[in-house]
Amino acid sequence: MKDKRSILITGCSTGIGYAAAHILRDRGWQVFPTCRKPEDADRLRSEGFDAFHLDYCDAESIQSAVESVLEVTGGHLDALFNNGAYGLPGAVEDLPTDALRRQFETNFFGWHELTRLVIPVMRKQGHGRIVQCSSILGLVAMDYRGAYNATKFALEGYTDTLRLELHGSGIQVSLIEPGPIQSEFSKTAVKMFFKEIGEDAKNASHFRESYNRRLTMLAKGGTTKFKLQPDAVVKKLTHAIEAPKAKARYYVTTPTYIMTFLRRILPTSLVDVILRSSAKSEE
């Protein structure tokens with residue numbers, strides 16, 4: 001099926017990845033969705049996809065997924081959408097170092113491992129698109145999101161470097177930076193808080209009162225202000241992989257546009273005031 005444009009997408013069990021798989025298939029793409037849990041990949045196969053298990057924390061699964069995709073396409077891949085990630089809420093001083101390492105393994109190091117496997121394929125064929133799903137939290141930091149902020153700030157620098165290094169190769173590199181999107185992200189974050197930080201640490205923390213308010217909000221799906229459906233992200237992804245010249249950055253949701261503008265024109269102290277006020281409004 002070399003006449004069909006092909007894309008490998010991670011994190012497709014729900015949310016942005018799931019929407020992207022369906023929308024791009026409808027646009028004529030040969031879509032290879034991947035999921036961290038094998039049972040989610042099975043579900044996507046039942047929906048007619050060539051879906052594969054890929055866990056960013058498991059190098060063997062990353063290698064196997066890429067090999068499986070290339071076997072189907074005959075060694076060809078037009079696009080990669082790195083999307084799978086999770087959030088770990090909690091104040092930095094309450095964050096176990098091993099938990100931060102695990103956050104980076106899923107949200108950053110696994111992306112690097114997958115990207116390195118794909119680049120030689122795209123170099124050989126002389127073209128390709130690499131699209132990274134970052135976040136507004138890769139542009140501005142918000143409190144109680146230190147682990148996630150750190151991974152997305154790292155991703156921003158990594159991707160900017162990759163774009164510079166791949167200039168002239170035919171491979172175009174883009175970042176998508178969404179704000180709040182309707183998904184299971186917030187509810188998963190609550191589970192990760194109790195897994196990595198725990199009830200005892202929460203109760204003993206200087207921030208325990210704020211935790212109680214914020215975890216309740218996250219359990220309900222997070223803030224609904226400015227929240228868009230996943231297809232808003234997929235619209236930008238579509239441009240990044242189909243336009244003759246992809247943009248370096250794509251902003252999604254009103255908060256991303258606003259905070260990007262304010263960060264350019266205001267001193268850091270005033271941006272901090274706005275971010276603190278925004279955080280309080282969420283509680």
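**Sheet, core and cysteines of the predicted model**

Seven strands make up an open sheet, in which they follow the order S3-S2-S1-S4-S5-S6-S7 and pair in the parallel sense. The edges are held by strand S3 (52-53) and strand S7 (249-252); each has a single partner strand, so one side of each is left without a neighbour in the sheet. The structure described here is a predicted model. At one end of the strand order, S6 (residues 171-178) and S7 are joined by four bridges in the parallel sense. Within this pairing, Leu175 has Arg249 of S7 as its bridge partner.

The nonpolar interior was examined next. In soluble globular proteins, nonpolar side chains tend to be buried together. In the present model, the largest nonpolar core contains 58 residues, and Ile7, Phe81, Leu114 and Ile130 are those with the most contacts inside it. Helix H4 supplies the largest share of this core, namely eight residues. The surroundings of Phe81 illustrate the packing. When neighbours within four places in sequence are set aside, Phe81 is in contact with Ile7, Leu8, Ile9, Thr10 and Ile16, and also with Val131, Gln132, Cys133, Ile176 and Leu237. One of these partners, Ile7, is, like Phe81, listed among the core residues with the most contacts.

Helix H4, which spans residues 97-125, also includes Thr115. This threonine is buried, its relative accessible area being 1%. A polar atom of the Thr115 side chain lies 2.7 Å from the backbone oxygen of Trp111. Beyond residues up to four places away in sequence, Thr115 touches Leu80, Asn82, Ile130, Tyr158 and Leu162.

Finally, the cysteines were considered. A search of the whole structure found zero disulfides. For a disulfide, two cysteine sulfur atoms must lie within 2.5 Å. Cys57 is partly exposed, with a relative accessible area of 41%, whereas Cys133 is buried, with a value of 5%. Cys133 is also one of the residues in contact with Phe81.

Conventions
Residues numbered from 1 in each chain as written. Predicted model: local features only at pLDDT ≥ 70, side-chain atom pairs only at ≥ 80, totals over all residues. Heavy atoms only, no water. Buried < 20%, exposed > 50% of the residue type's maximum accessible area, 1.4 Å probe, protein only. Pairing = 2+ DSSP bridges. Helix = DSSP H or I, 4+ residues; strand = E, 2+ residues; numbered from the N terminus. Polar contact = N/O pair within 3.5 Å; in protein donor to acceptor, adjacent residues only side chain to side chain. Contact = heavy atoms within 4.5 Å. Core = buried A, V, L, I, M, F, W, Y, C linked by side-chain atoms within 4.5 Å.
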